[in-house]
Amino acid sequence: MEKIKEAVDRARSAFNTGRTRPLEFRIRQLKAMERMLKEREKEITEALKADLNKSSYNSFSYEIMVVLLEIEIAVSKLPEWAAPQRVEKNIMVLMDEAYIHHEPLGVVLTIGAWNYPFALIMHPLVGAIAAGNAVVVKPSEVSEHTAKLLEELLPQYLDKDLYPVVNGGIPETTELLKQKFDHIIYTGNSTVGKIVMEAAAKHLTPVTLELGGKSPCYIDKDCDIDVACRRVTWGKYMNCGQTCIAPDYVLCDPSIEGRVVEGVKKALEEYYGKDVKKSPDYERIVNKRHFKRIMGLLEGQKITYGGEADEASCFIEPTILTDVNPNSKVMQEEIFGPILPIVTVKNLDEAIRFINHREKPLALYVFAKDKAIIKQMIAETSSGGVTANDVLMHFTLPSLPFGGVGYSGMGAYHGRFSFQTFSHQRSCLVRSLTMESVNKIRYPPSSQKKVDWAKFFILKRCSKSKVGLLVLAVLGVFLAVAIKVITVGGALEGELPGLEEWSVGPARGKTHVRSRGGGSWRAGAGGDLAPLRPWRAATGWGNPS
């Protein structure tokens with residue numbers, strides 16, 4: 001366990017040297033990671049085959065290619081992401097510099113999941129490196145072959161001190177969580193998510209939690225049901241149902257339930273053949289513990305299709321359930337396996353009530369020709385993400401944040417959102433030491449005049465256009481002069497008894513002050529200038545000499 005603390009301390013010491021701050025260093029690390037994926041693809045796919053029976057094609061498509069895309073975007077966009085982000089300004093700081101500076105958080109802990117054991121470690125690692133952090137990598141021990149490979153490969157390509165890999169089970173993870181990190185990202189179930197959050201709270205460490213849940217799929221009776229079933233079948237049974245955003249169950253009108261069953265069966269045969277057990281594209285349950293858990297969900301259920309299983313090889317046939325009781329066990333916990341319950345509802349409103357009665361899911365799917373139905377579903381429900389007329393595909397867009405809400409998690413990543421998650425957005429205002437007169441509106445002593453000026457210039461909104469900015473600039477100059485006038489007036493009242501009406505301003509390079517009786521003093525034009533000398537000393541404005 002001492003080695004774990006040493007690895008974290010070494011990562012922090014390496015981070016404190018500042019070598020992750022230059023963008024050139026981050027880009028070199030990302031390109032080294034890209035090289036690793038290309039040079040060691042065969043070993044990666046072999047490890048995934050051993051852990052989950054993934055074919056080389058599926059491993060590349062769903063574990064490697066998504067990471068390569070993430071790296072490509074980060075490398076090309078990093079200078080843009082890291083550049084100072086200019087922000088709107090008000091009249092008080094119009095001539096100053098205001099921007100958001102993105103700085104690294106420090107040392108990040110990423111705890112991966114076993115269902116996509118390579119992608120769900122590498123994906124957040126890309127974002128954390130791009131943001132300039134040190135990262136402690138903790139792969140899932142359940143997918144042991146992939147975990148061991150990551151421990152071997154990463155030090156060969158990435159900085160050994162900044163990006164250590166820690167392998168092990170619950171004791172090692174528990175020890176890791178005792179250490180101080182600057183951010184923790186965890187992908188997995190809500191039970192462990194609570195443990196991670198509790199441990200992080202002791203150090204006030206922010207967390208990103210990707211937790212899953214029961215993602216519903218509503219199929220409207222007027223949509224193209226055959227197309228809907230093909231897409232649902234692909235997303236549900238991919239990776240043997242072990243996908244956090246897989247459609248967990250289907251909601252549909254009773255009149256189309258039979259058509260949905262037949263549509264899914266037809267798609268299954270198209271994808272995996274008549275004997276799914278022999279298909280190279282159909283994965284296995286990760287271990288016997290999860291096999292038994294999933295089989296337990298079938299107890300007391302009406303199996304309309306499938307149900308065959310082999311514990312020795314952790315094989316469970318794609319299964320469809322009908323006449324499902326909403327209160328049954330299979331509808332109370334995330335299935336995370338190749339079982340598809342179909343629940344009938346009378347209409348869209350009932351489907352929305354059914355969804356809202358449960359915890360907020362990580363994803364929500366709706367199939368409908370009528371866009372009004374899609375908009376109503378989005379407007380009246382809540383979920384981490386939504387895909388309409390397809391499943392899973394919102395995950396593939398780096399321009400969309402991926403994350404949960406409520407019980408399905410917190411925070412988000414992918415693309416620029418990863419960079420933002422692992423960066424501190426530092427507010428920066430760089431002011432000038434000139435135009436001090438403008439600031440007198442906020443200095444003591446207070447007065448109603450100053451409050452009135454503040455109301456006008458700070459609470460009034462001007463156009464964001466160039467014309468609006470020009471108006472603001474003119475008003476700013478006017479404000480400076482007005483404040484100077486107020487100050488001068490106060491000074492003259494103290495120095496020139498009987499002063500009632502006055503005006504001060506430059507005229508042909510001279511300074512004029514008018515008294516109550518109409519007489520005036522004008523600098524450089526003769527007259528008694530002695531009374532103005534105390535005024536100049538008090539205000540520092542003008543040149544009455």
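This is a predicted model: local features need pLDDT of at least 70, side-chain atom pairs count only at pLDDT 80 or more; totals for chains, interfaces and linings use all residues.

**Helix α11**

I started at helix α11, residues 288-297, and looked up its buried residues: H290, F291, I294, G296 and L297. My cut-offs: buried is under 20% relative accessible area, exposed is over 50%, and partly exposed lies in between, with a 1.4 Å probe and protein chains only. Helices (H or I, at least four residues) and strands (E, at least two) are DSSP runs, numbered from the N terminus. The cover over the buried residues of α11 includes β10 (309-310), β11 (315-316) and β13 (339-344); I call it a contact when heavy atoms are within 4.5 Å. At the start of α11 I found a side-chain oxygen of N287 within 3.3 Å of the backbone nitrogen of R289. A polar contact here is a pair of N or O atoms within 3.5 Å; within protein, one must be able to donate a hydrogen and the other to accept it, and residues adjacent in sequence count only if both atoms are side-chain atoms.

Residues are numbered from 1 along each chain as its sequence is written, and side-chain values use heavy atoms, with hydrogens and water left out.

**Helix α1**

Next I checked α1, residues 2-16: its 15 residues reach 21 Å from first C-alpha to last, close to the 21 Å expected at 1.5 Å a residue. That expected span is 1.5 Å times one less than the number of residues. Which residues of α1 are buried? I get I4, A7, V8, A11, A14 and F15. They cover an arc of only 125° around the axis, so they are on the same side of α1; the arc is that of the directions from the helix axis to the C-beta atoms. The general rule is that an α-helix has 3.6 residues a turn, so residues three or four places apart point the same way. On the other side of α1, E2 and N16 are exposed. Covering the buried residues of α1 I found, among others, β2 (97-104), β3 (107-111), β4 (134-138) and α7 (170-178). After α1 comes G18, with a positive phi near 85°.

**The open sheet**

I then traced a five-stranded open sheet in the order β4-β3-β5-β6-β17, with mixed pairing. Why do β4 and β17 (409-410) stand at the edges? Each has a single partner strand, so one side of each is left without a neighbour in the sheet. I count strands as paired if DSSP finds at least two bridges between them. β3 runs parallel to β5 (residues 183-187), joined by four bridges, and L109 stands opposite I184 in β5. β5 and β6 are also parallel, over four bridges, with I185 opposite T208 in β6. In β6 (residues 207-210), V207 and L209 point one way, T208 and E210 the other, and all are buried.

β7 pairs in the parallel sense with β8 (residues 249-252) over four bridges, and V250 in β8 is the bridge partner of C217.

I219 turned up again: in the largest nonpolar core, of 137 residues, M122 and I219 touch the most other members. A nonpolar core is a set of buried Ala, Val, Leu, Ile, Met, Phe, Trp, Tyr and Cys residues joined through side-chain atoms within 4.5 Å. Setting aside neighbours within four places in sequence, I219 contacts A228, V250, L251, C252, I256, V260 and F367. Apart from that core lies another one, of seven residues, including I91, M92, V438 and F457.

**Single residues**

Last, two loop residues. P318 is in the loop between β11 and β12 (319-322) and is buried, with a relative accessible area of 3%. P318 and V276 are 42 residues apart in sequence and 8.2 Å apart in space, C-alpha to C-alpha. H394 is in the loop between β15 (385-388) and β16 (402-403). Buried or exposed? H394 counts as buried, at 9% relative accessibility.
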